Amino acid sequence: MLEKLRNIFAVPELKRRIIFTLALFAVYRLGEHTPSPGVNAKALAQAFESQRGTLFGLYDFFVGGAFSRATIFALGIMPYISASIILQLLTVVIPALERLAKEGEAGRKKITQYTRYGTIVLSGVQALGIAIGLESMRSPGGASIVPNPGWGFRLLTMVTLTAGTALIMWIGEQISEKGIGNGISLIIFAGIVVRLPSAVTASYTLLTTGEMKLFVFLSLIALMVAVTAAVVLMQEGQRKIPVQYARRVVGRRVYGGQSTHIPLRINTAGVIPVIFASSLILFPATLTRFVPHPWMQAIADALSPGRFSYTMLYMGLIVFFAYFYTAIVFNPIDLADNMKKYGGFIPGVRPGKKTAEYIDHVLTRITLPGALFLALISVLPDFLIRWFNVPFYFGGTSLLIVVGVALDTVRQMESHLLMRNYEGFLKRSRSRSGAFSRG
């Protein structure tokens, strides 16, 4: 391991990229602790203690606690992700966007620009909603969150939070371009991992006070290792469908004739189904904060974490959204048409419609275990907190994001190392062949 770390910093470009990424992380962490003007931070922190288990708590989790502190990065990168998902869904519905997505690099740049515009619009709307919501909130002691409410505070909050999200978006794009890993994913990763020290401290406190037995603690560690390994396995798992390309003769050249495969991932939808399901199932609990009606309260109680109805509905929604989002991002018909155009076929399956049906059948079958695994991982934190008194949130969306981003970043670092070694190997080969020819 030490040798691998030395190799990482032995490559000048990789070293520069890592230092650049860490520097931008420092800027992001600084913004997470820079308060937004006009907010009583102490009263807000007290008020947020009662908001756990709502959409506000989920949102605060993804932005590393910046929302509950009302910092300039309170919106986090979530408006950008929402805009990206909306554009992705609209690409399927609007033919003009679908054509744009198929235009290659130029089309992708145009869609990225639309995503940026959408991010600014969503940030402004969300910032206005947050400002109005903060004005109406009170701490448990009755203290006002906003000492001087009004349109002055609202406009100031809109400008501050929208500018903060724009800065985070720029940081993410700079990390993707000049740093290492996917910048947007790494920002979410940083917001989740930053809670790790407090979780370790809380576990140590429970262990020293005797509230958690040593055997339970060691069993918990073993379970965490096993679950993390299972997440890695499911994230990397894929079904390879063999593809054969027919040989074509054009003039004096022969094209095709090689064998390859289509890698169908078990978890094609990634973490999106969990985010959709969490947002939907927490909506009634959030709504009761604004509509204190008895039947709304009854629905919110039935859908509170730990209830059987909550667990079953949550798992069902995850499975549904796994199939729904997979159907949106993966089109077997387009894949089959492209294969047919370039002379590719699956052995034993007719090109065209039959190939599309075969790919869709395989994808439907392998999506089910992936969706069920997502559902089990998502309800694991409630089970651990309820039955084992675990003082931190392990599993669910956080684990999937952390593992996925870590694997992607390690792969990028590995590609830089392999590229460096590969170039050195070629140079040695050329020198040896030259010496041989001279001899």
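You're looking at a predicted model, where local features need pLDDT of at least 70 and side-chain atom pairs count only at pLDDT 80 or more, while totals for chains, interfaces and linings use all residues. Residues are numbered from 1 along each chain as its sequence is written, and side-chain values use heavy atoms, leaving out hydrogens and water.

Now widen the selection to residues 238-245, which is strand β1; 7 bridges join β1 to β4, and the two run antiparallel. (Strands here are DSSP runs of E, at least two residues, and helices are runs of H or I, at least four, numbered from the N terminus; two strands pair if DSSP finds at least two bridges between them.)

Next stop, helix α12: select residues 272-287 and pick out Val274. Is Val274 buried or exposed? Val274 counts as buried because its relative accessibility is 0% (buried is under 20% relative accessible area, exposed over 50%, partly exposed in between, with a 1.4 Å probe and protein chains only). Show Tyr314 too: Val274 and Tyr314 sit 40 residues apart in sequence, but 8.7 Å apart in space, C-alpha to C-alpha.

Last, go to helix α16, residues 353-388, and click Lys354. Lys354 is partly exposed, since its relative accessible area is 49%.
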